[in-house]
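Please look over the sequence and the structure shown here. The paragraphs after them go through some features in turn.

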Amino acid sequence: MFKKILLVLLVIFLVMQAFRPEKNVSGQKNNAIATLYPVPDNVNQILVKACNDCHSNTTVYPWYAEIQPVAWWLDDHVKDGKKHLNFDEFATYRLAKQFHKLEEVFDEVKGGEMPLESYTVVHRDAKLTTEEKNILLDWSTAVRDTMKARYPADSLIMKKKK
Ligand code: HEC
């Protein structure tokens with residue numbers, strides 16, 4: 001009996017391997033945030049190592065991303081993360097949304113909510129030091145200041161509908 005259950009589980013596991021989510025590797029950067037606002041190297045390095053796996057068009061996949069159901073779980077995070085914020089599609093957002101997302105970057109980093117803990121457990125170097133946090137905080141503030149100087153104030157206010 002026990003052997004049969006194991007066998008069934010094994011078959012299920014093997015069948016699962018055939019269903020692979022599409023990878024987030026288009027690398028498309030035409031609408032990247034850097035096309036609109038300065039992203040200094042030190043900021044970019046932090047975004048690449050700590051944020052872009054879930055908030056850009058390029059995810060660097062670990063080897064275990066080849067295994068189901070791990071890949072589905074990762075795919076969920078990437079899809080969800082990109083839906084909320086994609087630095088590589090930033091230029092497609094309305095001004096108010098851009099401004100708001102930068103505010104959220106500030107809040108999430110300051111509050112230590114991002115990167116997700118389930119991510120830093122594995123990607124140890126993505127855990128931000130105080131210095132790295134400050135670099136991101138200062139940058140998101142600087143970009144918002146640039147926006148304030150460049151655009152009329154009411155274009156930066158989120159209307160009711162998101
Ligand atoms: C492992 C994937 C992952 C990583 C890495 C990650 N995020 Fe996220 N992020 C998400 C997910 C999923 C959400 C949406 C759900 C939530 O808010 O928890 C999110 C939400 C956000 C939001 C909120 C957007 C909104 O609309 O509420 C911001 C801002 C954000 N992330 C910024 C960052 C920054 C900055 C980094 C790097 C320092 C980062 N994230 C790293 C997965 C990730």
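Proline 69 is in the loop between α3 and α4; helices are DSSP runs (H or I, at least four residues) and strands are DSSP runs of E (at least two), numbered from the N terminus. This is a predicted model, in which local features need pLDDT of at least 70 and side-chain atom pairs count only at pLDDT 80 or more, while totals for chains, interfaces and linings use all residues. Residues are numbered from 1 along each chain as its sequence is written, and side-chain values use heavy atoms, with hydrogens and water left out.

The peptide bond that leads from glutamine 68 into proline 69 is cis, with omega near 5°. Another cis peptide bond joins methionine 114 and proline 115, where omega is about -5°. Proline 115 belongs to the loop between α5 and α6 (117–120). As background, most peptide bonds are trans.

Glutamine 68 is also in the loop between α3 and α4. Is glutamine 68 buried or exposed? Glutamine 68 counts as buried because its relative accessible area is 1%; buried means under 20%, exposed over 50%, and partly exposed in between (1.4 Å probe, protein chains only). Its side chain makes a polar contact of 3.1 Å with the side chain of tryptophan 72. A polar contact is a pair of N or O atoms within 3.5 Å; within protein, one must be able to donate a hydrogen and the other to accept it, and residues adjacent in sequence count only if both atoms are side-chain atoms. Apart from neighbours within four places in sequence, glutamine 68 is in contact (heavy atoms within 4.5 Å) with Phe13, Met16, Gln17, Phe19, Arg20 and Pro21.

The ligand comes next. Which residues are closest to the ligand? Of the 20 residues that surround the ligand, the closest are Cys51, Cys54, His55, Lys101 and Met114; a residue is counted here if one of its heavy atoms lies within 4 Å of the molecule. Histidine 55 has a polar side-chain atom 2.8 Å from a nitrogen atom of the ligand. For lysine 101, an N or O atom of the side chain is 2.5 Å from an oxygen atom of the ligand, and for glutamate 104 a polar side-chain atom lies 3.0 Å from an oxygen atom of the ligand. Two or more residues of the shell come from each of α3 (52–55), α4 (70–84) and α5 (95–110). The most come from α5, which gives five residues. By type, the shell has 12 nonpolar, four polar and four charged residues; Ala, Val, Leu, Ile, Met, Phe, Trp, Tyr, Cys and Pro count as nonpolar, Asp, Glu, Lys and Arg as charged, and the others, Gly among them, as polar.

Asparagine 52 lies in helix α3 and is buried, because its relative accessible area is 9%. Beyond neighbours within four places in sequence, asparagine 52 is in contact with Leu47, Thr58 and Phe87.

Glutamate 132 lies in helix α7 (residues 130–150). Glutamate 132 is buried, with a relative accessible area of 15%. Its contacts, leaving aside neighbours within four places in sequence, are with Ile46, Lys49 and Lys127. Histidine 123 is found in the loop between α6 and α7, and counts as partly exposed because its relative accessibility is 21%. Histidine 123 and lysine 49 are 74 residues apart in sequence and 8.7 Å apart in space, C-alpha to C-alpha.
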